[in-house]
Amino acid sequence: MPIRLHDSLTRTQRELQPAQPDGVFRFYNCGPTVYAPAHIGNFRTFVVNDVLRRLLELEFGPAKVKHVRNLTDVDDRTIGQTQKEKRPLAEITQKWTAKFHADCAALNCLPPHVEPTATGHIREQVSMIECLMAKGNAYRAADGSVYFKIESFPGYGGLSRIKERELKITNAVADADHKDSVSDFALWKAYKPEEDGDVKWPGPAGASEGRPGWHIECSAMSKKHLGDTIDLHTGGVDLLFPHHENEIAQSQCCNGTTFARHWYHSEHLLVDGTTMSKSKGNYYTLSDLTGKGYSAMAVRYALLAGHPRKQLNFTLDSLHAAESALKHLRAFRAALAPVGGDETLFAPVFTALADDLNTPGALGALFTLVNRGPAGVSLAAFDRVMFALGLDLTAPAPAKTDIPAAIASLAEKRWAAKQAKDFASADALRKELTAAGWSMLDRKDGYTLEPAQKQPA
Ligand code: AMP
Ligand code: ZN
């Protein structure tokens, strides 16, 4: 069934098709910045992309999909973290890469076929910057950094539709960054010993030693592993501008051809109406949630329960609903006859997925069938649906005591009150929790909820 997906560039739904005669679908998904744990907002993006990857495999065949997802292991944030912790960059990025991999596995995300690192592709980035300098799209600034000259690319702003006046293009030497224009962006950042510690590489010809800018990393890694033109480029909505706009500028000026034939951006996960983010500190990691007794599979399910192109507000209640949905699916599967059954019954699930990755529509269609009962349902067809959604029904169900929804909701209210420094309400809510037999242990970045220890008689 052809997969139709919203394309952020044309703002229309378009069918996904490989362009190359080898029939391989080339798919690039911007990966995590490995300086801290990925939160479940980040994982919303990666889980949505995982369903896309699975659908592409079902559509074109597993051997005809090439999925690349990078690791951003050098940039302002990773370097900032080495400064904070006074530890080598590689030590920090390896630690968080390992955690990211463990969380991806727990969430049943298929590993990408290639997972390139920015530090492993310095040569490719340097040569791309040299190409842009040679073509007049980039220039060396006084401090030895290299900037992309936005004025040199008439197509700039095509993805984000940002207007020229919003870009504040000026020809004056703009600021202390030694750029020609305030909106030009860095391709290469000259070494600053006080900020960069020992993180530096020899620069492009004519530039200083230093390190790459964030945007050039993805242009160079996608070129290396997927070629000049890719079939699909994805990321969270915050990457659309400037990251993806800048990738288009760099890649198209250097390669002289279309960079990505299709752009897809999924929306953010929110907490209490605001974007979950590391800088806001309002985030949950997967471990925070498994620590509260929820299963990783329930987290995956909850992340798929909202339409990927709409913001989704995360609540612990949604995890309760997810655990119970998974329980139903396990029981349903167990009741299916090992052979036989109608292979076509689940067509509405795939119709929903192929229609702009409508995951809530797919789950709705699935439960319409599940609620009808297992008679005449093909196990193989059911397992194909579980594969597409990436729901592993053999994965461990919640290990710890199930927390009743009312208790979870009290705890959330108390945590919110405490964050808002409304200590009177927080104390009152703690009393309610204690009376109900639960104890709430606060940490700096979250809390755990446990059945209260029985008082000795
Ligand atoms: P980062 O590790 O910050 O580079 O982000 C990794 C991916 O997570 C990117 O595709 C971001 O767009 C995405 N992302 C960041 N915050 C959220 C959020 N709250 N909800 C969904 N995706 C997010
Ligand atoms: Zn990227």
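Two residues are in contact when they have heavy atoms within 4.5 Å of each other. Keep that in mind as we look around this predicted model. We'll start with one loop residue, L159, and then move on to some helices.

**A loop residue, L159**
- You'll find L159 in the loop between β6 (146-148) and α5 (164-167).
- Is L159 buried or exposed? Buried means under 20% relative accessible area, and L159 has 1% relative accessibility, so it counts as buried.
- Leaving aside residues up to four places away in sequence, L159 touches S8, L9, R11, L240, H244, E245, I248, W263 and H265.
- T97 sits 62 residues from L159 in sequence, and their C-alpha atoms are 30 Å apart in space.

**How α1 meets α12**
- Two packed helices are described by the angle between their axes and the distance between the axes.
- For helix α1 (residues 40-60) and helix α12 (residues 347-354), the angle is about 115 degrees and the axes are 11 Å apart.
- The crossing of α1 past α12 is left-handed.
- On the α1 side the contact is made by V51, L55 and L58, while α12 brings F350, L353 and A354.
- Sort the residues in this contact by class and you get six nonpolar, no polar and no charged ones.

- Helix α10 (residues 296-304) has nine of its nine residues buried, so it is largely enclosed by the rest of the structure.
- Among the buried residues of α10 are M297, R300 and Y301.
- Helix α13 (residues 359-372) has 14 residues, and it reaches 20 Å from its first C-alpha to its last, close to the 20 Å expected at 1.5 Å a residue.
- The buried residues in α13 are T359, A362, L363, A365, L366, F367, L369 and V370.
- What covers these buried residues of α13? The cover includes α10, α11 (316-334), α12 and α14 (379-389).

- After α16 comes G437, which has a positive phi, near 90 degrees.

Key. Residues are numbered from 1 along each chain as its sequence is written. Chains are lettered from A and ligands numbered from 1 in the order in which they are written. This is a predicted model: local features need pLDDT of at least 70, side-chain atom pairs count only at pLDDT 80 or more; totals for chains, interfaces and linings use all residues. Side-chain values use heavy atoms; hydrogens and water are left out. Axes are lines fitted to C-alpha atoms, for helices over the stretch in contact, and angles run from 0 to 180 degrees between N-to-C directions. Helices (H or I, at least four residues) and strands (E, at least two) are DSSP runs, numbered from the N terminus. A crossing is left-handed if the near helix is turned anticlockwise from the far one by less than a right angle, and right-handed if clockwise. Ala, Val, Leu, Ile, Met, Phe, Trp, Tyr, Cys and Pro count as nonpolar, Asp, Glu, Lys and Arg as charged, and the others, Gly among them, as polar. Buried means under 20% relative accessible area, exposed over 50%, partly exposed in between (1.4 Å probe, protein chains only). The expected span of a helix is 1.5 Å times one less than its number of residues.
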